[in-house]
Amino acid sequence: MNNEQCCTISCESPLDQKHWDTQYKAQATGWDLGAIAPPIQNYIDSLVNKESRILIPGCGNTYEAEYLLEKGFTNITVIDIAPTLVAMLQQKFADNPNIKIVLGDFFEHQGEYDLIIEQTFFCALPPFLRQKYVWKMHQLLADGGILSGLLFNRTFEVSPPFGGSQNEYEMLFKEAFVFTKLEMAKNSAEPRKNSELFFEFKKNSTVQVRLYSFEGITCSGCMETVSTKFSAINEVLNVSMSTDFSEVLIISKKEIPLQELQTIVSYDEKYKILQIES
Ligand SMILES: C[S@@+](CC[C@H](N)C(=O)[O-])C[C@H]1O[C@@H](n2cnc3c(N)ncnc32)[C@H](O)[C@@H]1O
C-alpha cells in the first residue's frame, strides 16, 4: 500500500493539468500532510529576512505559505497548475497583500526569488523533467538564492510520487548549485520518517546552466557515449541527460557554442542538438 499516492483516480493518464485538477476535484490528495512538514517549519524558523522573495512551486494546500504569513513574511508567491485548487487558495488568501497566488505551469513561470521551497513537487513530476527542473530553478533564483526543502530518499512501487536517492540528486544538481545541506531529515512527519532528505542548495552564479533538446538517441548506451563526449569538453563541469533522452543539461565554466556541441555528435547524422531558451 502506497499512502503517498498522487493518482487515486488513474496512474495511466499523463501528469498534466487535467490529471492534477481531477485529483483535487475528487479530493484524492493522498500526498497532503494536512500540516507543514516539521523540517520545513524548522527551516522557516531559522530565516531572518521577512522580505525575502519566496516561491513555493506545485504548492497544493500550501501549509508552508500559511506558516510564512503567520511568521510575518511579506513577499510570498505560490504557483500550482490545478485550477480547482488555485480557485480555493485565491478565496482563502483573498485580500492578503503578502501572498500572490498564481495558476500556471511552473516551467513557464517568470520571476526572481531569494528562496524557493521544495515540498513534494519534484517527486510529482515525471523523471524526464528533472534536468529541466534544475535549469528552471537556477533561472528563477537571484544571485545567492536558495533552493531548500525535502526530497524522497526511497523508491515507490506506484508512481507518482517518483522517488530518488542522495547519490542521484548529487549527480543531478552538482555544479549548478552549492550543497550547503543534504542529509536525512531528522524530524519528518510520521508517514515520511527515515525516507526523506532535507536539503539547502545555493545557486552557483559563476557557471552557465544550459538546457538543450536532443534528437536521435534511442538507448542508454548511446546516451552514455554522448554524455562522455560532452563531459570531455574542457570547460564542462557536469552533463546530465533526461531519462527519455530528449533533453541534456550542461553546466560549464563558460558558454559552449552550440556549433561545437553539434560537431561533437556529428558522427551520427541522427543527432540534433538545440538550445532551449528561457
Ligand atoms: C504531490 S502534489 C504536492 C502539493 C503540495 N506541495 C504538498 O506537499 O501538499 C504536487 C502538486 O504539484 C502541482 N503540479 C504538478 N505539475 C505542475 C506544474 N508543471 N506546475 C505547477 N504545479 C504543478 C499539482 O497540481 C499538485 O498540487
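Mentor: Helices (H or I, at least four residues) and strands (E, at least two) are DSSP runs, numbered from the N terminus. The model is predicted, so local features need pLDDT of at least 70 and side-chain atom pairs pLDDT 80 or more, while totals for chains, interfaces and linings use all residues. Residues are numbered from 1 along each chain as its sequence is written, and side-chain values use heavy atoms, without hydrogens and water.

The loop is the one between β5 (141-152) and α6, and Pro160 sits in it. Pro161 belongs to the loop between β5 and α6 too. Ser159 and Pro160 are joined by a cis peptide bond, with omega about 0°. Another cis peptide bond, with omega about 5°, joins Pro160 and Pro161. For background, most peptide bonds are trans.

An automatic or database domain assignment sets their bounds: domain 1 is 17-24 + 31-203, and domain 2 is 208-275. Their C-alpha centres lie 28 Å apart. Domain 1 puts 12 residues into the contact and domain 2 puts in 13, where contact means heavy atoms within 4.5 Å.

Domain 1 and domain 2 bury about 1100 Å² between them, with 62% of this from carbon and sulfur atoms. Buried area is the accessible area (1.4 Å probe) that two parts lose on being put together, summed over both. Of the area that domain 1 buries against domain 2, Phe128, Gln131 and Trp135 supply 49%, more than any other three residues.

There are zero salt bridges between domain 1 and domain 2; a salt bridge is a side-chain nitrogen of Lys or Arg within 4 Å of a carboxyl oxygen of Asp or Glu. Five residue pairs, both members at pLDDT 80 or more, are in polar contact across the interface. That term means a pair of N or O atoms within 3.5 Å; within protein, one must be able to donate a hydrogen and the other to accept it, and residues adjacent in sequence count only if both atoms are side-chain atoms.

On the side of domain 1 that touches domain 2, the elements giving two or more residues are α5 (130-140) and α6 (166-173). The most come from α5, with five residues. By class, this side of domain 1 has seven nonpolar, two polar and three charged residues. Ala, Val, Leu, Ile, Met, Phe, Trp, Tyr, Cys and Pro count as nonpolar, Asp, Glu, Lys and Arg as charged, and the others, Gly among them, as polar.
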